[in-house]
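User: Can you walk me through this one? I'd like the overall picture and then some detail.

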Amino acid sequence: MTEPNGRQADATGGDTVSAVVRQWQAVHPGLDTGPMEIIGRVNRCAALLQQAEDAPLRRAGLSRPEFDLLGALRRTGHELTPGELARETFSSGAAVTKRLKQLTERGLVERRGDTRDRRVAHLRLTDAGREVVDGILPEQLAYETAVLAVLDPDRQGELAALLGELLGQLEGRLGALRA
């Protein structure tokens, strides 16, 4: 069945967004709910994944944002400033500062002052921090693989490509808006 917006109707109606879309179409039959069908599903998937996907991180006593900071330090392979970490992890400076304080207190990150500018800090993983990241990452990836197993590998590739295309466009637009 084709809807008024020209899209194929979801015959299964099996997700929450389908129900929301049907409700809006009943209230506003001419309304193009296409964007809601995509953005709503992306947002809903993100919320559900954030609730569920971080089981290995929780067992290690880390939040996703803390692990993202540790991961950025590990994958870049060199010291970063708090500002660089904020950009790497798409976080605010205040959030990075708070998380770094906790990670430093736990002995996972160490801070070194800049010899030329005392206001600047350089951060790196400690050996314990490196061990935590290297220990959790394979388990986290296995968990994420299990979550995505509902889609066959070809569909996963398609989804990754489409999301990559959308993300690249959004990042380009937002970058232009900030300039």
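Analyst: One term before the numbers: a contact means heavy atoms within 4.5 Å. Of the contacts in the protein with a separation of 6 or more, 49% are between residues 24 or more positions apart. Keep in mind that this is a predicted model.

User: How many helices and strands are there, and what order do they come in?
Analyst: There are 8 helices and 2 strands. Along the sequence the pattern is α-α-α-α-α-α-β-β-α-α.

User: What share of the residues counts as buried?
Analyst: Of the 179 residues, 25% count as buried. The protein exposes about 12,100 Å², and carbon and sulfur atoms supply 58% of that area.

User: Let's take α6. What is its span against the expected one?
Analyst: Helix α6 covers residues 93-105, which is 13 residues, and reaches 18 Å from its first C-alpha to its last. That is close to the 18 Å expected at 1.5 Å a residue.

User: Which residues of α6 are buried?
Analyst: Ala95, Val96, Arg99, Leu100 and Leu103. They are on the same side of α6, because they cover an arc of only 125° around the axis.

User: Why would that spacing in sequence end up on one side?
Analyst: An α-helix has 3.6 residues a turn, so residues three or four places apart point the same way.

User: What do those buried residues pack against, and what is on the face turned away?
Analyst: The buried residues of α6 pack against α4 (64-76), α5 (82-89), β1 (109-113) and β2 (121-125). The face turned away from the buried side carries the exposed residues Ala94, Lys98 and Glu105.

User: And what comes just after α6?
Analyst: Gly107 does, with a positive phi of about 80°.

User: Switching to His122. Where does it lie, and is it buried or exposed?
Analyst: His122 lies in strand β2. His122 counts as buried because its relative accessibility is 16%, and the cut-off for buried is under 20%.

User: What does His122 touch?
Analyst: Leaving out residues up to four places away in sequence, His122 touches Glu79, Leu80, Thr81, Glu110, Arg111, Arg112, Gly113 and Asp114.

User: Which residues form the nonpolar patch on the surface?
Analyst: Ile38, Ile39, Val42, Leu159, Leu163, Leu166 and Leu170 form it, with about 550 Å² of accessible area together. The elements giving two or more residues to the patch are α2 (34-52) and α8 (153-178).

User: Which element gives the most?
Analyst: α8 does, with 4 residues. Leu163 is found in helix α8, and Leu163 counts as partly exposed because its relative accessibility is 39%.

Technical notes. Residues are numbered from 1 along each chain as its sequence is written. This is a predicted model: local features need pLDDT of at least 70, side-chain atom pairs count only at pLDDT 80 or more; totals for chains, interfaces and linings use all residues. Side-chain values use heavy atoms; hydrogens and water are left out. The expected span of a helix is 1.5 Å times one less than its number of residues. Buried means under 20% relative accessible area, exposed over 50%, partly exposed in between (1.4 Å probe, protein chains only). The arc is that of the directions from the helix axis to the C-beta atoms. Accessible areas come from the Shrake-Rupley method with a 1.4 Å probe; for residues, only the protein chains shown count as cover. Patches are made of residues with over 30% relative accessible area and no salt bridge: like charges are joined within 9 Å, nonpolar side chains (Val, Leu, Ile, Met, Phe, Trp, Tyr) within 5 Å. A salt bridge is a side-chain nitrogen of Lys or Arg within 4 Å of a carboxyl oxygen of Asp or Glu.
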